Amino acid sequence: MFKQFLHNVRGNFAVMTAVLAVPLLLSVGLYIDYARQSSAHSHVQALADIAALEMAGTRSSDLDILRATAKKAIAANMDPNTVQHLEIASLTLSGQQIAISLKGKIDTTFLRLASTEQAGVQAHATAERAV
């Protein structure tokens, strides 16, 4: 009877489907969350570029004024559905060059099943003032 059980191959499709279903669903979820993170990165990069150009257009050397200008430009162009918790990570003025780094997070959808609640996004932009 045991020998007969070992040679029986009926029903192995159902078993393999059940075994492979979880990794397959997680890989599809990983792709969807990666696509969302890639889209969010493009958006954050565009915001960093806009903020850097806005700050380069001002003649101020005061970092507080430059930060306020960047925040205003970011708020005017930000899509809150794309990225959450966006903040200015760094802002530097070196001669005529202004550099800004932004970082934010996106909420994952399918990767929550793998205990990953959020994914990070960051971007950096540099602009030079015209002399």
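## Ile50 and its neighbours

Ile50 touches Ala73 and Asn77, leaving out residues up to four places away in sequence. This comes from a predicted model. Ile50 sits in helix H2. Its relative accessibility is 30%, so Ile50 counts as partly exposed. How far apart are the C-alpha atoms of Ile50 and Gly120? They are separated by 20 Å, and the two residues lie 70 residues apart along the chain.

Helix H3 covers residues 63-77, a run of 15 residues. At 1.5 Å a residue, H3 should span 21 Å.

Look next at the start of H3. There, a side-chain oxygen of Asp62 comes to within 3.2 Å of the backbone nitrogen of Asp64.

## Helix H3: two faces

Which residues of H3 are buried? They are Leu66, Thr69, Ala70, Ala73 and Ile74. These residues cover an arc of only 130 degrees around the axis, so they lie on the same side of H3. The face turned away from this buried side carries exposed residues. These are Asp64, Lys71, Lys72, Ala75 and Ala76.

What do the buried residues of H3 pack against? Their partners are helix H2 (12-57), strand E1 (84-94) and strand E2 (97-107). Ala73 is one of the buried residues of H3, and Ala73 is also touched by Ile50.

## The nonpolar core

In soluble globular proteins, nonpolar side chains tend to be buried together. In this model, the largest nonpolar core has 23 residues. Those with the most contacts inside this core are Met55, Ile88, Leu91, Ile100 and Leu102. Which elements each supply at least two residues of the core? They are H2, H3, E1, E2 and strand E3 (118-128). H2 gives the most, with eight residues.

Leu91 shows how such contacts reach across the chain. Leaving out residues up to four places away in sequence, Leu91 touches Met55, Leu63, Leu66, Arg67, Ile98, Ala99 and Ile100. Among these, Met55 and Ile100 are also listed with the most contacts inside the core. Leu66 is one of the buried residues of H3.

## Asp33 and Arg36

How many salt bridges does a search of the whole structure find? It finds two. One joins the side chains of Asp33 and Arg36, at 3.8 Å from N to O. Asp33 is found in helix H2. Asp33 and Arg36 are three residues apart in H2, so about one helical turn separates them.

Is Asp33 buried or exposed? Buried means under 20% relative accessible area. Asp33 has 3% relative accessibility, so Asp33 counts as buried. Arg36 has a relative accessible area of 28%, so Arg36 is partly exposed. Leaving aside neighbours within four places in sequence, Asp33 is in contact with Ile106, Thr108, Thr109, Phe110 and Leu111.

## Lys103 and Glu87

The side chains of Lys103 and Glu87 also meet in a salt bridge, at 3.7 Å from N to O. This pair links distant parts of the chain. Lys103 is in strand E2 and Glu87 is in strand E1, 16 residues apart.

Lys103 has 39% relative accessibility, so Lys103 counts as partly exposed. Glu87 has 42% relative accessibility, so Glu87 counts as partly exposed too.

Ser90 is found in strand E1. At 31% relative accessibility, Ser90 counts as partly exposed. Which residues is Ser90 in contact with, leaving aside its neighbours within four places in sequence? They are Ala99, Ile100 and Ser101. Ser90 and Lys103 are 13 residues apart along the chain, and their C-alpha atoms are separated by 9.3 Å.

His85 is also found in strand E1. Phi of His85 is near 60 degrees, a positive value in a residue other than glycine. Exposed means over 50% relative accessible area. His85 has 53% relative accessibility, so His85 counts as exposed.

Notes: Residues are numbered from 1 along each chain as its sequence is written. This is a predicted model: local features need pLDDT of at least 70, side-chain atom pairs count only at pLDDT 80 or more; totals for chains, interfaces and linings use all residues. Side-chain values use heavy atoms; hydrogens and water are left out. Helices (H or I, at least four residues) and strands (E, at least two) are DSSP runs, numbered from the N terminus. The expected span of a helix is 1.5 Å times one less than its number of residues. Buried means under 20% relative accessible area, exposed over 50%, partly exposed in between (1.4 Å probe, protein chains only). The arc is that of the directions from the helix axis to the C-beta atoms. Contact means heavy atoms within 4.5 Å. A polar contact is a pair of N or O atoms within 3.5 Å; within protein, one must be able to donate a hydrogen and the other to accept it, and residues adjacent in sequence count only if both atoms are side-chain atoms. A nonpolar core is a set of buried Ala, Val, Leu, Ile, Met, Phe, Trp, Tyr and Cys residues joined through side-chain atoms within 4.5 Å. A salt bridge is a side-chain nitrogen of Lys or Arg within 4 Å of a carboxyl oxygen of Asp or Glu.
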